[in-house]
Amino acid sequence: MYKQLNKNSFYYGFPVVLMTTRNKDTGSDDLTPISSTWTLDRSVVLGLGLDNQGFHNLKVGSDLTLNIADQSIWEQIEKIDKKTGNPTVPEYKKQLGYDYCENKFRLAKFSKLAGISVSTARIAECLIQIEACVTDIMVRKNYAIIETTVQAIHVSEEILADETHIDVEKWHPLIYKFREYATTDKHLGKNFRFQEFLK
Ligand SMILES: Cc1cc2nc3c(=O)[nH]c(=O)nc-3n(C[C@H](O)[C@H](O)[C@H](O)COP(=O)(O)O)c2cc1C
């Protein structure tokens, strides 16, 4: 038997990504935690709330870096979970307890690394960093769908088996599962197109 559930949002398990963008007016870097992303070939598609500073920055031409979180940094992310880089905090966010934060990097103790293919900051604590630029923005009622094209992928040697292959046993992505932080630890088997390294 199944029950039909009526929910506004349904996060059945998505990787947590720390998106960095550049604020054109102030020149500062912004950091937006997101979980609504998917990838296909060289595209990464994002879902972003229209009030987010990260969205404003992309709309006016910022590139972006998708810093992929692993299990070790979930508590740092929680330090900025109710913060926005948008000085005009919308009323519905105030009701949820959000307030403005000028520097989320400092608050969460994340270290910035300079961008390589784009100018937005990489986060040293994230072992996978994807640099991208915006290809298309589709605005819906309360959110936007952003299509981006990957410019470069940077992977820490900590999780590499050799020059080009990721040791998948060393990578423990942070997963946002029904708003709980979780990770993946159990190996079940490989697809015929597996291209990384597994002992
Ligand atoms: C784990 C996690 C996942 C989130 N996923 C998204 C998301 O996919 N899209 C989105 O717009 N906001 C998401 N949020 C909420 C934003 O991070 C939040 O609205 C934040 O204030 C935006 O920051 P900004 O205004 O500085 O860009 C998420 C928050 C957390 C903690």
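Predicted model: local features only at pLDDT ≥ 70, side-chain atom pairs only at ≥ 80, totals over all residues.
Residues are numbered from 1 along each chain as its sequence is written, and side-chain values use heavy atoms, with hydrogens and water left out.

Let's meet three of these contacts. A backbone N or O atom of G54 is 2.9 Å from an oxygen atom of the ligand. For T32, a polar side-chain atom lies 2.7 Å from a ligand oxygen atom, and for T84 a side-chain N or O atom is 2.5 Å from one. On its own the ligand exposes 650 Å², and the protein buries 90% of that (accessible areas come from the Shrake-Rupley method with a 1.4 Å probe).

## The shell around the ligand

Which residues come nearest to the ligand? Of the 20 around it, they are T32, P33, G49, T84 and G85 (a residue is near if one of its heavy atoms lies within 4 Å). By class, the shell has six nonpolar, 10 polar and four charged residues; here Ala, Val, Leu, Ile, Met, Phe, Trp, Tyr, Cys and Pro count as nonpolar, Asp, Glu, Lys and Arg as charged, and the others, Gly among them, as polar.

The largest share of this shell, four residues, is from β3. Helices (H or I, at least four residues) and strands (E, at least two) are DSSP runs, numbered from the N terminus.

Most residues other than glycine have a negative phi. F178, however, has a positive phi of about 50° without being a glycine, and R179, also not a glycine, has a positive phi of about 65°. Where do you find F178? F178 is in the loop between β13 (174–177) and β14 (180–183), and R179 has its place in the loop between β13 and β14.

Methods
Polar contact = N/O pair within 3.5 Å; in protein donor to acceptor, adjacent residues only side chain to side chain.
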